[in-house]
Amino acid sequence: MKRYPFCKLGEVNAPYREAIAEAMMRVLDSGRYVGGGDVSAFEDAVARLTGAKHAVGTGNGLDALRLIFRALIQTGRLKPGDGVAVPANTYIASMLAVSDNGLRIVAVDADAHTLLIDPAALEKAAGDETVKCLLTVHLYGRTAWNREIAETVKRHDLIVVEDAAQSIGSESDGTPGVNGGTVSGHLGHAAAFSFYPTKNLGALGDGGMVTTDDEELAKTVRALANYGSDRRYHNIYKGLNSRLDPLQAAILLAKLPGLETENEHRRRLATIYDRHITNPLVKKPSQPAYERESVWHQYVILCPHRDALREHLAKRGVETDIHYPEAPHQQPCYRDEIGGELRVTERIAREAVSLPITRCTTEEDAREIAEIIDELRVER
Ligand SMILES: Cc1ncc(COP(=O)(O)O)c(C=O)c1O
């Protein structure tokens, strides 16, 4: 039987094998194993890609987010207890970064078509005077920024942090960000990226990045990430140690030239799924009007008969995954802390199925997977 893997990272990285080996040897021979040329070259490359003025490497994406919120507090723009609007449908890291800094999570329900933050629900949440910030999450690779969200941000004078962990290379629908940018990572006051191995641009371990146009914020993040020191053995903050590993930076530099091809491949697969899946038991994500709005980190369909669908697909060799089986507010650690009407998010947690959408899947595979999905019938 033919197999359709969800994602095999060895296969994803195979085309970069030589470039990665060369990059690793370069770091080995450099004798510099913390910081150095590859880290700053990769920071510059991400700044160029997003259009942001500053980019600061971090140990991972969660730390990138945590550092942004710490820097916003350190520079007096937010204070502990302030409300941060966060989409309820997100990976838990978005929430952890907020609560870790003593900020208050205000969970906002999702839109059932985009699966991103619901702009109307955000407007309602922002009516609360204690909400000072929006953490917008470009979940599944789709940019969560449009005219309605931008208007809410302006009307309520919100600080905007982007969780761009899943969206490297995605763009807005043309709506400019708070500083006029249109690429994810340059839409808010600061953004966090993750280079976790499964990301569209993935390292061979952990890695993250903060991007911002704000020099003070960039400097503060850089110091906080390096024990709170602005120069050697001089600590202005009680910081942490979360720096981008030069080996990972060198590997990411080697893979970066392939990112556009990777994202384009995912867009083609998403278009095939969108055209070919016609089973009424399945709800597909809406296709963005402008194709570059999504880099399709995941292609997530909703199906009320999720177990039956996954079983049917598994029997035909199609691996699937769930992003995410429990929303953050349903997790034991947040159950008593995050409340509200989050019905769409809860539906997504019950019904979401992620289809294969990496380099391991060909266009022909995607057409066949769509056909297999269309064969699903359930007893009424
Ligand atoms: C939406 C989102 N935010 C934050 C993170 C945290 O990134 P990392 O795993 O690099 O800490 C991830 C990923 O894993 C993510 O998917």
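**Note on the core, domains and ligand shell**

1. In this predicted model, the largest nonpolar core has 112 residues, and those with the most contacts inside it are Ile68, Ala85, Val86, Val108, Phe193 and Val221. A nonpolar core here is a set of buried Ala, Val, Leu, Ile, Met, Phe, Trp, Tyr and Cys residues joined through C-beta atoms within 7 Å; a residue is buried if 20 or more other C-beta atoms lie within 10 Å of its own, exposed if 12 or fewer, and partly exposed in between, with C-beta atoms placed from the backbone. Helix α4 (residues 61–74) gives the largest share of this core, eight residues. Domain 1 (9–256) and domain 2 (258–374) both contribute residues to this core, so it lies between them.

2. Residues are numbered from 1 along each chain as its sequence is written. Because the model is predicted, local features need pLDDT of at least 70 and side-chain atom pairs count only at pLDDT 80 or more, while totals for chains, interfaces and linings use all residues.

3. Leaving aside residues up to four places away in sequence, Ala85 touches Val106, Val108, Leu122, Ala125, Ala126, Val131, Leu134 and Leu135, where contact means that two C-beta atoms, placed from the backbone, lie within 7 Å.

4. The protein chain has 13 helices and 11 strands, which are DSSP runs numbered from the N terminus (helices H or I, at least four residues; strands E, at least two). Of its 380 residues, 51% are buried, and 73% of the contacts with a separation of 6 or more join residues 24 or more positions apart.

5. The domain bounds, 9–256 for domain 1 and 258–374 for domain 2, come from an automatic or database domain assignment. The centres of the two domains, taken over C-alpha atoms, are separated by 23 Å, and their contact takes 38 residues from domain 1 and 35 residues from domain 2. On the side of domain 1 that touches domain 2, the elements giving two or more residues are α1 (9–13), α5 (92–99) and β3 (104–108).

6. Around the ligand there are 16 residues, of which Gly61, Leu62, Ala93, Ala165 and Ser194 come nearest; a residue is near if its C-beta atom, placed from the backbone, lies within 6 Å of the molecule. The elements that give two or more residues to this shell are α4 and α5.
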